[in-house]
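Student: I am new to this structure and would like to go through it with you. Could we take it one question at a time?

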Amino acid sequence: MKSRIEEVKARALASVAAADGTQALSDVRVRFLGKNGEMTALMKLLGTVSKEERPEMGKLLNAARVEIESALAAAEKAARESELAKRLAEEEVDISLPGKMRLPGAAHPVTMIREEILNVFLGMGFSVAEGPEIETDLFNFQLLNVPKDHPARDMQDTFYLGDNLVLRTHTSPMQAHIMTTCRPPIRVVIPGRVYRPDDDASHSPIFHQIEGLAVDKKITVGDLTGCLQTFAEKLFSEDTKIRLRPSYFPFTEPSVEADATCTMCHGKGCRVCKGTGWVELLGAGIVNPAVLDMCGIDSKEYSGFAFGLGLERIAMIKYGIPNIKLFYENDVRFLGQFR
Ligand code: FA5
């Protein structure tokens, strides 16, 4: 029995010494000290030893167990420490490296200017409506006093989706939608995306407009002028002035182009306004009585004004942006300036 104990102890200590890492040591622990381990088996054999020898063998067995246990504990501690040191070395963090920056998102400048403009008109008692980007020829042209084959169609030629459907060239068809479905008094602004076969530094094939429409009894050019003057003061600055120049749109009579004093030089003349002191703001006019009647509103009782502005153009004026393409390239160096 004594030699068995010595032999098992020697193998256990050799296995502890040879074990490489905490997992291997755990296996050694199970093999020698576990419930079915070799030392436990020897304990069970103690019953077969003679009464005289038993106390000595018991002592020997306990001493061997303590020795194996303490060798295991020391080896496990050393293995844990070396594994931790290895992990720390492998996972070393270089705190001098620059962090990964997450740039916060922000609204696109066209969205920002749209919200700003809509808020100005909401403050003046207008409500907001939206409508379809695919329009019938009837709403995009005919109800706006542009019959088929009329030369005025050349002003806004467009992308046709068949004989009768077009990508809307302006937000003005919404005038006809609203006047055929709502009764005066009407005060509404309509933002939306529009399409034209244009392409240069200040014209894009897809751009955004806001339409304005007011219909009531006794609406005059004075109401239109007052509304646009207030709009320009609120959007740009208190000292902004507007002026109206005669123009032509088939759906308004009279028609005007509204200019505002240049936001860069405040009317003195600079590069942005090409030395004139004025920048073109929008198209507008008194709703043509023929349009009111076609939409079912009695032109003898009611009159109205309407206007249409290009959002990109207004943003270009307000922020001094030289090229419309900058809005669509999604270059964060450009977009980040508006945050
Ligand atoms: C119209 O679209 C009329 N519907 C406006 C109107 C509404 C007049 C109601 C009377 C009553 P115009 O084609 O001028 O008008 O366009 C209006 C604005 O859209 C222009 O002042 C300009 O700022 C902008 N715009 C026109 N074409 C483009 C384009 N291709 N790219 C960017 N902006 C454009």
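Student: How many salt bridges does a search of the whole structure find?

Tutor: Keep in mind that this is a predicted model. Side chains of opposite charge can pair when their charged atoms come close. Searched as a whole, the structure has a count of salt bridges that comes to 19.

Student: Which residue forms a salt bridge with Arg193?

Tutor: Arg193 lies in strand β4 (residues 186-195), and its partner sits in the loop between β1 (127-128) and β2 (134-136), so the pair ties together parts that are 60 residues apart in sequence. The closest N and O atoms of the two are 3.7 Å apart. The partner of Arg193 is Glu133.

Student: How far apart are the closest N and O atoms of Arg245 and Glu280?

Tutor: This pair links distant parts of the chain, with Arg245 in strand β6 and Glu280 in strand β8, 35 residues apart. A salt bridge calls for a side-chain nitrogen within 4 Å of a carboxyl oxygen. Arg245 and Glu280 form one, and their closest N and O atoms are apart by 4.0 Å.

Student: Let us turn to the pockets. Which strand gives the most to the lining of the largest pocket?

Tutor: The largest pocket holds about 680 Å³ of space. Its lining has 36 residues, and the closest to its centre are Arg196, Phe207, Gln209, Phe249 and Gly308. Elements that each supply at least two lining residues are β5 (206-216), β7 (252-261), β8 (278-287), β9 (303-310) and α10 (311-319). With six residues, the one that gives the most is β8.

Student: How many charged residues are in the lining of the second largest pocket?

Tutor: The second largest pocket has a volume of about 550 Å³. It is lined by 18 residues, and closest to its centre are Val272, Lys274, Val279, Arg313 and Ile317. β6 (242-249), β8 and α10 each supply at least two residues of this lining. By class, eight of the lining residues are nonpolar and three polar, while the number of charged ones is seven.

Student: Which residue has a side-chain N or O atom 2.8 Å from an oxygen atom of the ligand?

Tutor: The ligand is surrounded by 23 residues, the closest being His170, Ser172, Arg196, Asp198 and Ser204. For His170, an N or O atom of the side chain is 2.9 Å from a nitrogen atom of the ligand. A polar side-chain atom of Ser172 is 2.8 Å from a nitrogen atom of the ligand. The residue 2.8 Å from an oxygen atom of the ligand is Arg196.

Methods: Residues are numbered from 1 along each chain as its sequence is written. This is a predicted model: local features need pLDDT of at least 70, side-chain atom pairs count only at pLDDT 80 or more; totals for chains, interfaces and linings use all residues. Side-chain values use heavy atoms; hydrogens and water are left out. On a 1 Å grid over the protein atoms alone, a cavity is a set of points where a 1.4 Å probe fits but cannot get out, and a pocket is an open set with protein on both sides within 12 Å along at least five of seven lines; lining residues have an atom within 4 Å of a point. Grid points are joined across faces, edges and corners, and a volume is the space filled by probe spheres set on the points. Helices (H or I, at least four residues) and strands (E, at least two) are DSSP runs, numbered from the N terminus. Ala, Val, Leu, Ile, Met, Phe, Trp, Tyr, Cys and Pro count as nonpolar, Asp, Glu, Lys and Arg as charged, and the others, Gly among them, as polar. A residue is near a molecule or strand if one of its heavy atoms lies within 4 Å of it. A polar contact is a pair of N or O atoms within 3.5 Å; within protein, one must be able to donate a hydrogen and the other to accept it, and residues adjacent in sequence count only if both atoms are side-chain atoms.
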